[in-house]
Amino acid sequence: MDKLIELMKKLLADLSAYRIKTQYYHWNIEGPDFREYHAFLNEIYDAAAEDVDSVAEHIRALDAYAPGSLGRFMELTSIKDETTVPNALEMISRTYQDNQRVLASAKAACSVADDLKEHGVLNFLEGLIDDYEKQAWMLRATTKK
Ligand SMILES: [Fe+2]
């Protein structure tokens with residue numbers, strides 16, 4: 001069970017970093033397709049914010065405390081902090097790479113939940129993976145030349 005909790009904490013940190021970074025891009029994106037990118041990124045960070053809450057509540061249901069500080073998230077996440085303002089396509093391409101990191105964390109936790117027969121968490125993670133795979137398709141399609 002400790003392994004699953006650890007992986008769920010990592011997923012929580014990744015989703016929190018993803019939410020912050022995609023909202024940052026939503027604010028600062030520029031270019032002729034501004035309105036579309038701005039709205040697309042809004043959908044992404046709204047979904048991530050909801051998923052952050054659900055992952056934290058599943059950690060509590062596993063009888064562990066959910067991390068919630070920026071410092072702890074920085075230690076746990078593999079998503080790189082963003083301080084620059086890249087161009088629109090670069091923002092979408094970085095968002096795609098980060099979406100893949102979220103997916104990798106979710107899949108790692110999912111496989112352990114499956115081994116442990118933790119069906120509630122397993123079911124939740126399968127739904128989340130489905131959502132982020134669909135989002136990956138949209139991000140890939142947006143950057144295709
Ligand atoms: Fe906004």
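A residue is called buried here when its relative accessible area is under 20%, exposed when it is over 50%, and partly exposed in between, using a 1.4 Å probe and protein chains only. With that in hand, let us walk through the structure. This is a predicted model, in which local features need pLDDT of at least 70 and side-chain atom pairs count only at pLDDT 80 or more, while totals for chains, interfaces and linings use all residues. Residues are numbered from 1 along each chain as its sequence is written, and side-chain values use heavy atoms, with hydrogens and water left out.

Start with the overall build. The chain has five helices and zero strands, where helices (H or I, at least four residues) and strands (E, at least two) are DSSP runs numbered from the N terminus. Reading from that end, the order is α-α-α-α-α. The C-alpha trace spans about 50 × 30 × 20 Å along its principal axes. The radius of gyration of the chain is 15 Å, which agrees with the value near 15 Å that a compact globule of 145 residues would have. That radius is taken over C-alpha atoms, and the globule rule is 2.2 Å times the number of residues to the power 0.38.

Next, consider packing and surface. Of the 145 residues, 43% count as buried. Contact means heavy atoms within 4.5 Å; among contacts between residues at least 6 apart in sequence, 78% join residues at least 24 apart. The accessible surface is about 8,200 Å², and carbon and sulfur atoms hold 50% of it. This area comes from the Shrake-Rupley method with a 1.4 Å probe. As for charge, there are 17 positive and 25 negative side chains, and the centres of the two sets lie 5 Å apart. Lys and Arg count as positive and Asp and Glu as negative, without His or the chain ends, and each charge is placed at NZ of Lys, CZ of Arg, CG of Asp or CD of Glu.

Now for the interior. Thr 95 sits in helix α4 and is buried, at 1% relative accessibility. Leaving aside residues up to four places away in sequence, Thr 95 touches Tyr 18, Thr 22, Tyr 25, Leu 41, Ile 44 and Leu 139. One of these partners, Tyr 25, is buried at 0% relative accessibility, and Tyr 24 is buried too, at 18%.

The structure holds two aromatic pairs. The ring centres of Tyr 24 and Tyr 25 are 6.0 Å apart and their planes meet at 40 degrees, so this pair is tilted. Rings of Phe, Tyr and Trp (its six-membered ring) pair if their centres lie within 6.5 Å; planes under 30 degrees apart count as stacked, over 60 as edge-to-face and the rest as tilted.

Finally, visit the loops. Lys 80 lies between α3 (70-76) and α4 (88-115) and is exposed at 64% relative accessibility. From Lys 80 to Tyr 45 it is 35 residues in sequence and 16 Å in space, C-alpha to C-alpha.

Most residues other than glycine have a negative phi. Asp 63, in the loop between α2 (34-61) and α3, has a positive phi near 70 degrees and is exposed at 70%. Lys 117, in the loop between α4 and α5 (119-143), has a positive phi of about 55 degrees and is exposed at 59%.
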